[in-house]
Amino acid sequence: MKQVVQNYKSGELAVLDVPVPGCKPGGVLVRSAFSLISTGTEMMKVSEAGMSMLGKARSRPDQVAKVMQSVATNGVPATYRKVMGKLDSYTPLGYSLCGVVEQVGGGVDDVKPGDLVACAGNEHALHAELNWVPKNLYTPVPDGLAPRHAAFGTVGSIALQGVRRGEPQLGDVALVIGLGLIGQLVVQLLTAAGARVVGVDPDPVRCELATRLGAAACGDPESAAVESAVAELTGGHGVDQVYLAAGGGSNQPVELAARLCRDRGRVVDIGKCRLDLPWNAYYEKELDVRFSRSYGPGRYDPEYELEGRDYPIGYVRWTERRNLACFLDLAARGRIDVEPLVSHVADFDDAVETYRSLKDGELKAVAVLFRYPGQPREAVQTQAPVVAVPAVKATSAPARSVRGPVRLAFVGAGNYATSMLLPHLARREGVELSTVVTTTALSAANAQRKFGFTGATTDLDGVLGDKSIDAVFVVTRHSSHAELARKALLAGKTVFVEKPLALDEDELAAVLAAVEESGNDRLQVGFNRRFAPLLQEARTQFGDRTGPASLRYLINAGRLAHGSWYLQQGTEGSRFAGEGGHFIDTASWLLGADPVSVYAVAAPGNEDLQIVLGYPDGSTATLSYVTTGAPGFPKETLDLVADGKVLRLDDFVRASVHSRKKWVSSHLPKARDKGQNAELAAFVRAVRTGGPMPVPLESLVATTAATLAVHRSLAEGAPVTLAAAR
């Protein structure tokens, strides 16, 4: 079998052919599926191996002390031979993996061959094709948890034990210093435990990732933003716990911990950083300094780890094996999300090159996985995964025309509704704003006062049951769109729902089930850009095309403000899931078809996405959705190229078409018109006349399915085929 090894004397890394370990009693032989590179601990070891002898000595003073003791006992020559012999030997790397049980040793009855297990230990969960793992260092993987995610079990246990040592309580505020792999997991675990978290790291990419994964605020240790966030969240008292997940020789983390911790707070050391405690600061606050020992109780105890002697649960609730099982359970239930931490997946045969890229800084990563050949549960994709685009099944009843004004009800009156929709509708002739529905009475009253609604209420069912209301606008938070649209369709209303229509396949299916049950397909999603006058004029000037087109769309989305509900991914979905349909719909409208394939890749550690959409005639659309661009650069720029022609759109301010004769938009609009007014006019006209909806329902469904497929492609690491459901 093959195994990754390192010579600590020379620093050489290699993938060696070594004998298969025997399956001893009290453990199992595991064939690796994925193993995780600890970009902190392992890379520190790899870096140390490349140092001079003096550098090695400085980095490991504990080992120098042992050498000096050996010199005193055995003399210089014998000690030298012993040290050189140990240094000039291959040592293993790795300590966190997931694999399949191949053979079961005597005394083991909780797993069988073929079972998927997560394994721990720097002597047993190595970067190797096969490992023998004792009973207390493996645990079965829960159903539904992907092997690549289960490979995080050991580092997850380290983070979990650190959080347990801090004893967080509901409502606590915690500071996490160091947002590498362990720090990112600590942030999520604390959030899951009901604490609010402030993160600290000099890397802005890691800060943004931690914010996306639940931190209330993050920043550079030198910035005033961190102290301001702590003061705001704690009323000036300081955080309840500090978790040191940083490495290196700086004493800044422990000094920052003392400054931002409250009186009698706790400081938990998880990483390996300098701990020169400033005595006065720690004494005056009577800070409780605690160490977190690796995966939990049982670590470094040979009777527990090698002989399988468990600690009674009544005396030791959380051992290292129980921590391992707990972390996997949290991941399986979606309370912890490790997928955003995966920066790179490398084939096991490329291990040496992967370590070199990490060491040289070419590969900047939070977490890197090795993928092993021949796993029965999660093999390398041989064909594109398929996402079914649901069929629209409805026997539509004839739509009624409306006599008199079109009476509208609004469910939700937040910022988008009050700034982009209601001002247009309030001025439109033949429209009556009948009722506004909100969850709080005051917001309903404000909307009524500003826009002239006839009534305001918090009773949604009453509005849906009011036969005088012709159409319902759903302009609430993303997580409620599908359910509210479903209810309104079943009530027989024409429905305008702001994007997105649905956050997952089940929600989309529920909306279409309501269409089929009611026969009511009168639905519009707020994809307004296809209605923008400037873009419509540019499309007309571009004219028809005969050959495939290439479209490039740059969305300079920018960063969200702290506290935005768009960051609540656990309930509201990702940012792209919420607004990505806008850009997919625009591309599909310009290309005159719905996409048949989606391929997405993400920039490590942030929300920047590159998405390639394929269309039936061979056309492609590349969407660059970025949050890290300059705020002064235009928000949206688009180029469409086909048949020797180029259409250019500059942020809905200027457009041009280059062909035999160049056309440039005649004037610059006073404000960017992204089509909301024209879209609302088309919707109201459809309600009044009973004519077709502005966008066919089949197109709305296809765009929603393609938006959802982006995240499927990211998870699979492969293109996704969009196929009509049968």
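This is a predicted model: local features need pLDDT of at least 70, side-chain atom pairs count only at pLDDT 80 or more; totals for chains, interfaces and linings use all residues.

1. How many disulfides does the rule count? The count comes to zero disulfides, a disulfide being a pair of cysteine sulfur atoms within 2.5 Å.

2. Residues are numbered from 1 along each chain as its sequence is written, and side-chain values use heavy atoms, with hydrogens and water left out.

3. The aromatic pairs come to 13, counting rings of Phe, Tyr and Trp (its six-membered ring) whose centres lie within 6.5 Å, with planes under 30 degrees apart taken as stacked, over 60 as edge-to-face and the rest as tilted. One of them joins F348 and F370, edge-to-face, at 6.1 Å centre to centre and with 75 degrees between the planes. Because F348 lies in the loop between β15 (342-347) and α14 (351-360), and F370 in strand β16 (residues 367-371), this pair ties together parts that are 22 residues apart in sequence. Both F348 and F370 are buried. Here and below, helices (H or I, at least four residues) and strands (E, at least two) are DSSP runs, numbered from the N terminus.

4. F410 and F473 make a stacked pair, because their ring centres are 4.6 Å apart and their planes are at 5 degrees. F410 belongs to strand β18 (residues 406-411) and F473 to strand β21 (residues 471-474), so the pair ties together parts that are 63 residues apart in sequence. F410 and F473 are buried, and ring pairs link F410, F453, F473, F496 and F683 into a cluster.

5. Ten of the twelve residues of α7 are buried, so that the helix is mostly covered; among them are L181, I182, G183 and Q184. G194, which follows α7, has a positive phi near 95 degrees.

6. Helix α23 (residues 676-689) has 14 residues and reaches 20 Å from its first C-alpha to its last, close to the 20 Å expected. Its buried residues include L680, F683, V684 and V687, and what covers the buried residues of α23 includes β18, α15 (415-427), β19 (431-437) and β21, contact meaning heavy atoms within 4.5 Å. Just after α23, G690 takes a positive phi of about 75 degrees.

7. Is R529 buried or exposed? R529, found in the loop between β23 (523-525) and α20 (533-542), is buried, with a relative accessible area of 8%. Leaving aside neighbours within four places in sequence, R529 is in contact with residues including L535, Y553, E636 and K674.

Key: Buried means under 20% relative accessible area, exposed over 50%, partly exposed in between (1.4 Å probe, protein chains only). The expected span of a helix is 1.5 Å times one less than its number of residues.
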